[in-house]
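Q: I would like a close look at one part of this model: the place where the two protein chains meet. Please take me through it step by step.

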Number of protein chains: 2
Amino acid sequence: MNTHHLCLGILSLGEASGYEIKKAFEETFCHFQATSFGSIYPALAKLTEQGLVSFREETQEKRPTKKVFTITPAGHEHFYQTLLKSEPAEQYRSDFLFLMMFAHLLPQEHIKTLLNKQTENLEMELGILERILTECQTLTPGMRFTLEYGVTGNKALLKLMQQRSLQLLNEIDAARSPQES
Amino acid sequence: MNTHHLCLGILSLGEASGYEIKKAFEETFCHFQATSFGSIYPALAKLTEQGLVSFREETQEKRPTKKVFTITPAGHEHFYQTLLKSEPAEQYRSDFLFLMMFAHLLPQEHIKTLLNKQTENLEMELGILERILTECQTLTPGMRFTLEYGVTGNKALLKLMQQRSLQLLNEIDAARSPQES
DNA sequence: CCGACATATATTGACCCGATATACACTAAA
DNA sequence: TTTAGTGTATATCGGGTCAATATATGTCGG
């Protein structure tokens with residue numbers, strides 16, 4: 001599942017420019033997919049070449065000219081085949097957990113700051129997801145599910161952060177003091 | 001936080017070859033960090049060049065010759081400075097949620113298969129994490145925390161999958177039938 | 001009037017990852 | 001017995017990704 005497929009997916013929901021595809025990722029998909037202009041524009045060029053999308057140039061007043069992309073029937077079919085053969089994979093990368101792995105090397109105060117920042121990050125993302133869930137009434141069942149999935153994960157992790165943070169600090173302190181005394 | 005820093009991190013726990021660094025990621029770090037030979041070997045070469053690690057060649061009987069890398073004092077200091085200035089970030093990519101976003105395009109049976117596979121994946125990872133937690137008695141507080149973090153997230157998501165899967169299938173079915181009748 | 005922000009397309013360079021190549025040893029099935 | 005598979009070990013390649021940057025224009029607030 002790469003940027004080509006992600007673009008086809010967005011375009012299967014309606015025509016859009018490269019800029020609008022990026023925005024769609026930032027708004028609706030950001031908690032489980034991301035991409036950048038450096039991937040989107042080359043992908044759209046190649047998809048056009050392959051006949052999976054087409055575009056028209058839309059000259060706007062007081063705005064740069066837009067290339068509006070539309071998915072073709074061949075593109076729809078190709079996207080459907082991609083969906084059918086894709087495995088439900090997930091990947092998770094956390095600099096936060098990597099830092100916690102080496103918490104014993106860091107000053108107590110710094111660990112506290114990291115734990116607080118992480119908690120804030122989780123709270124912020126939870127807030128965004130919940131706002132979309134309550135504000136948008138026209139979500140498809142699938143979209144609603146992805147948001148609830150994110151909410152559930154974040155809520156559980158937040159609870160852990162609130163319950164475990166102090167304990168972790170104490171444990172690290174306890175493991176440190178024998179050497180120092 | 002890139003492969004250079006990840007290698008320094010592993011080496012700060014003890015000397016290792018490139019192959020062993022990869023194994024460390026697969027065994028202990030896999031639920032929140034991953035990397036590949038294509039990143040590790042160039043990283044080790046550059047770290048050597050910069051004087052942050054050094055290596056000796058270890059000829060083994062009946063095994064290929066090993067390059068055993070050791071972190072230098074400069075490497076320790078560099079790693080410490082990296083830890084201090086790193087932000088606690090996270091990123092999550094899910095082909096599974098992307099597929100669910102377009103579940104309305106897929107046959108009911110296929111959605112069921114995807115939901116089952118995802119549940120199995122979560123169960124498997126949960127099993128691995130819990131096994132490490134119970135079997136390894138010498139874990140540092142930080143390591144224990146990262147494992148519990150993973151366990152908590154996976155448990156919450158598994159519960160959601162068990163509670164919500166059928167409901168999702170019904171909702172998609174309900175949204176589909178008006179057009180078909 | 002100026003700086004910040006938004007719209008819009010596009011490229012670059014550094015980096016990352018999966019696949020592949022090479023090479024040897026061990027083991028278990030055919 | 002041989003051959004396929006697995007494990008140890010190093011290394012590279014190509015395609016893909018990402019953050020930063022360039023360019024151009026318009027809006028809005030201070």
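What rotation and what shift along its axis superpose chain B on chain A?

A: This is a predicted model, in which local features need pLDDT of at least 70, side-chain atom pairs count only at pLDDT 80 or more, and totals for chains, interfaces and linings use all residues. Residues are numbered from 1 along each chain as its sequence is written, chains are lettered from A and ligands numbered from 1 in the order in which they are written, and side-chain values use heavy atoms, with hydrogens and water left out.

A rotation of 180° with 0.0 Å of shift along its axis puts chain B on chain A, with an RMSD of 0.1 Å.

Now the contact itself. 62 residues of chain B touch 62 residues of chain A, where contact means heavy atoms within 4.5 Å. The copies meet through the same surface, because 100% of the interface residues of chain B are also interface residues in chain A.

Next, area. About 6,500 Å² is buried between chain B and chain A, and carbon and sulfur atoms give 70% of it. Buried area is the accessible area (1.4 Å probe) that two parts lose on being put together, summed over both. B:Phe98, B:Met101 and B:Phe145 supply 12% of what chain B buries against chain A, more than any other three residues.

Polar and charged pairs come next. Between chain B and chain A, 28 residue pairs are in polar contact, both residues at pLDDT 80 or more. Such a contact is a pair of N or O atoms within 3.5 Å; within protein, one must be able to donate a hydrogen and the other to accept it, and residues adjacent in sequence count only if both atoms are side-chain atoms. The rule finds 4 salt bridges across this interface. A salt bridge needs a side-chain nitrogen of Lys or Arg within 4 Å of a carboxyl oxygen of Asp or Glu. A:Glu148 forms a salt bridge with B:Arg164, with the closest N and O atoms 2.3 Å apart.

Methods
Least-squares fit on C-alpha atoms with pLDDT ≥ 70 in both.
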